[in-house]
Amino acid sequence: MTEPPAADAQLLRRCLLHLGAALLAGGRSVHDTELELQLVGTALGAPAVQVAAAPTGVFVTLGPGSSAAFQQVGPALRFDQLDEVERLPDALVDGRITAQQAVTRIDEILQRPSRVPVWVSAPALVLVGAGIALILQPATSSIVVSALGAGVTSTLMVLSGRSTLLRTLLPIVAAFLVAVGVLLLGEAGLVEGPLRTMLGSIAVLLPGSLLVTGMSELAAGAMVAGSSRLTYGLVQLLLFTLGVLGAARVVGVGPDALANVRAAELGWWAPWLGVLLVGIGVCYNVSAPRGALPWVWLVLLLTLGAQLGGQAVQGAPLGGLLGGIVAAFVATVVQRIASGPPLMVVFLPSFWLLVPGSLGLLGTTRLAVAPGDGARVAVAAVVVIVAIALGVLVGSTFGRAAERLLDRRRRLALDI
């Protein structure tokens, strides 16, 4: 099939580049982004379109022998931006908007200020810290300390927007400051299990989604993107570990202070309350679109139920596998509901709930302070991360099958 005329080809290529960069900035994996752009290109008259996406940019050519263009991925999108960007591919495929309108729309979305002011979005991380502590370390003192530490992390994140150096060193600085405070409280006997307590404070910075997405990309054959994400995620974990170990040296505590101890003062209700707090905190911190919170809660609660059920039967790996399946499947189905937000808006918060980044930090920290025990914890963390990634792949496959079934039934209903 012939390529579109030069002017149309240039506009189409520009549209695909803008859309691809926006989808990647919203957290899409490279293989999902490539598939989405190929579907859009085919619908817009370029069935031979070729796409090569990477975590930092996307290449697009409209066919063999055609010129290729590159678009760099910008800063991560807020959820209100992501909500609108995720709706554009279907609108383009259905012909509800043109390529030029899509380009204009994306530019408008990226330039739009957040509807949630910083004095609301930043303190929202306090709720996330308390919620994660309710799940990982359900003890009253740990919840309070984790919430206060999340406030410190939130302040550092705001300041890092004004300093390139602090932005680069944010993982190690945040981990060091939070760990110093928590370890001092632990030495005073005010906090049990300091290592788990500090996880809620820095959970928002831990590379959980990075590690799981990287594993998913590797499993899907995107070797370059998957390897680069995993490498970057591991480097981030090492920076966090260095911050924690530096704090331990400054405070003067031994390996026992960094033991993986779980306190469970509160009842069965603690994790479920934690999920509700995480949902509220996430929605305000990342400026989720109006009406998204109930759907975020739904996905988080179902994911937690699957995760706890799997853990009760066969431990953390099965819990991670079932949690990943449920999170991906339910998020995919929710986006097909008329009032439901796009997949990524309700799916990304589940990474904070599944806490693969927290498990990775536990493993690397224990590996540094106690090689015998640490190696076992690190291997267990890797197994869980792989299980979550596999669950996401399986859940996404089931979700896409459910989408096709729903679309087929809708078409039959319309024909009748």
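Predicted model: local features only at pLDDT ≥ 70, side-chain atom pairs only at ≥ 80, totals over all residues.
User: Which parts of the chain does the pair link?

Analyst: Phe-59 belongs to strand β2 (residues 57-61) and Phe-70 to strand β3 (residues 68-72). The two residues are eleven residues apart, and the pair links distant parts of the chain.

User: Why is Phe-59 called partly exposed?

Analyst: Its relative accessible area is 45%. Buried means under 20% and exposed means over 50%. The value for Phe-59 falls in between, so the residue is partly exposed.

User: Why are Β1 and β2 said to pair, and in what sense?

Analyst: Pairing needs at least two bridges. β1 and β2 have five bridges, so they pair, and the sense is antiparallel. For example, Val-51 has Val-60 in β2 as its bridge partner.

User: What makes β1 and β3 edge strands?

Analyst: The open sheet has three strands in the order β1-β2-β3. β1 (50-54) and β3 each pair on one side only. Neighbouring strands of the sheet are turned by 15° against each other on average, direction ignored.

User: How do you know that the buried residues of α4 are on the same side?

Analyst: The buried residues of α4 are Ala-99, Ala-102, Val-103, Ile-106 and Ile-109. They cover an arc of only 130° around the axis, which puts them on the same side of α4. In general, an α-helix has 3.6 residues a turn, so residues three or four places apart point the same way.

User: How does the reach of α4 compare with the span expected?

Analyst: Helix α4 (residues 99-111) has 13 residues and spans 19 Å from first C-alpha to last, close to the expected 18 Å.

User: Why are Cys-15 and Cys-283 called buried?

Analyst: The cut-off for buried is under 20%. Cys-15 has 0% relative accessibility, so it is buried. Cys-283 has 8%, so Cys-283 is buried too.

User: How many disulfides does the structure hold?

Analyst: It holds zero disulfides.

Definitions and conventions
Residues numbered from 1 in each chain as written. Heavy atoms only, no water. Helix = DSSP H or I, 4+ residues; strand = E, 2+ residues; numbered from the N terminus. Expected span 1.5 Å × (residues − 1). Buried < 20%, exposed > 50% of the residue type's maximum accessible area, 1.4 Å probe, protein only. Arc of directions from axis to C-beta. Disulfide = S-S within 2.5 Å. Axes fitted to C-alpha atoms, helices over the stretch in contact; angles between N-to-C directions.
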